[in-house]
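Reader: I am new to this structure and would like to learn how to read it. Could you take me through a few features?

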Amino acid sequence: MPKIENLFDRNMIYDWGTCDTISGGVIHEMIKQDANVVQHLKAWKSATNPWKQRAACVSFVKLARHGKFNDDIIDICATTVQNPYRFVQLGTGWVLRELWLADPKVTVGFIKSNYKYFSREGLRYALEKMDSKTKQLLSDEHLQHVPGGRKSTAKATKKSTKKEEEDEEDELSDDVDDFEEELPTPKQRGKSKRTDQGDAVDAPKAKRADRRSK
């Protein structure tokens with residue numbers, strides 16, 4: 001863990017993609033092999049580096065649904081939810097979404113107790129896998145704790161577009177899809193090459209015909 005922590009402290013991890021790869025692919029596996037790693041992550045919850053706070057949550061995403069670290073996850077989220085930074089909010093909501101599968105009562109209770117800290121986007125992540133009735137209830141109650149209440153939130157929602165509400169992962173995926181669509185297929189490249197060659201061959205013929213016409 002010290003070597004990984006050093007990467008964060010040296011600001012070598014500064015985006016959600018790198019943070020989540022290390023959290024979900026490396027630290028997650030370390031947790032399963034060494035319980036002491038959990039204590040390191042619990043210390044990260046209070047870090048001034050937002051990526052360490054996100055990692056403290058995301059490292060448990062694949063484990064939360066199994067119900068083995070419920071108390072540790074809640075302990076971490078109790079601090080990270082207070083950070084309004086977007087990617088810390090989303091990391092908090094993400095792990096709570098999975099924790100709900102293991103312990104709905106504790107998760108709902110935590111959300112209710114921390115309405116004032118959740119951003120609308122962070123809350124949306126946390127509610128994603130809940131039944132529609134519970135999701136609607138918590139979403140409506142949260143509005144009462146947003147500055148300005150329903151009116152300001154409804155106004156902000158009206159102004160936002162669907163694309164703005166999508167997370168960064170979806171946007172990246174769309175960009176890749178668009179890029180691949182723009183690439184010509186091997187068949188198209190071959191056709192284009194033949195067309196270019198044909199134009200080159202026909203050019204002298206066109207010039208000779210032009211001279212004869214004069």
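Predicted model: local features only at pLDDT ≥ 70, side-chain atom pairs only at ≥ 80, totals over all residues.

Reader: At what angle do helix 8 and helix 10 pack?

Author: Helix 8, residues 104-113, packs against helix 10, residues 132-143, at about 15 degrees, and their axes are 10 Å apart. Angles under 35 degrees count as roughly parallel, so helix 8 is roughly parallel to helix 10.

Reader: Which residues meet there?

Author: From helix 8 come Val 108, Ile 111 and Lys 112, and they meet Thr 134, Leu 138 and Glu 141 of helix 10. Sorted by kind, the residues of this contact are three nonpolar, one polar and two charged.

Reader: Now the rings, please. How many aromatic pairs are there?

Author: Rings pair if their centres lie within 6.5 Å, and the count comes to six aromatic pairs. One of them joins Trp 51 and Tyr 85 edge-to-face, with 6.0 Å centre to centre and 90 degrees between the planes. Trp 51 lies in helix 4 and Tyr 85 in the loop between helix 6 and helix 7, so the pair ties together parts 34 residues apart in sequence. Ring pairs also link Trp 51, Tyr 85 and Phe 87 into a cluster.

Reader: Is Trp 51 buried or exposed?

Author: Trp 51 is buried, at 8% relative accessible area, whereas Tyr 85 counts as partly exposed, at 35%.

Technical notes:
Residues numbered from 1 in each chain as written. Heavy atoms only, no water. Axes fitted to C-alpha atoms, helices over the stretch in contact; angles between N-to-C directions. Helix = DSSP H or I, 4+ residues; strand = E, 2+ residues; numbered from the N terminus. Parallel < 35°, antiparallel > 145°, perpendicular 65-115°, else oblique. Contact = heavy atoms within 4.5 Å. Nonpolar A, V, L, I, M, F, W, Y, C, P; charged D, E, K, R; others polar. Phe/Tyr/Trp six-rings, centres within 6.5 Å; stacked < 30°, edge-to-face > 60°. Buried < 20%, exposed > 50% of the residue type's maximum accessible area, 1.4 Å probe, protein only.
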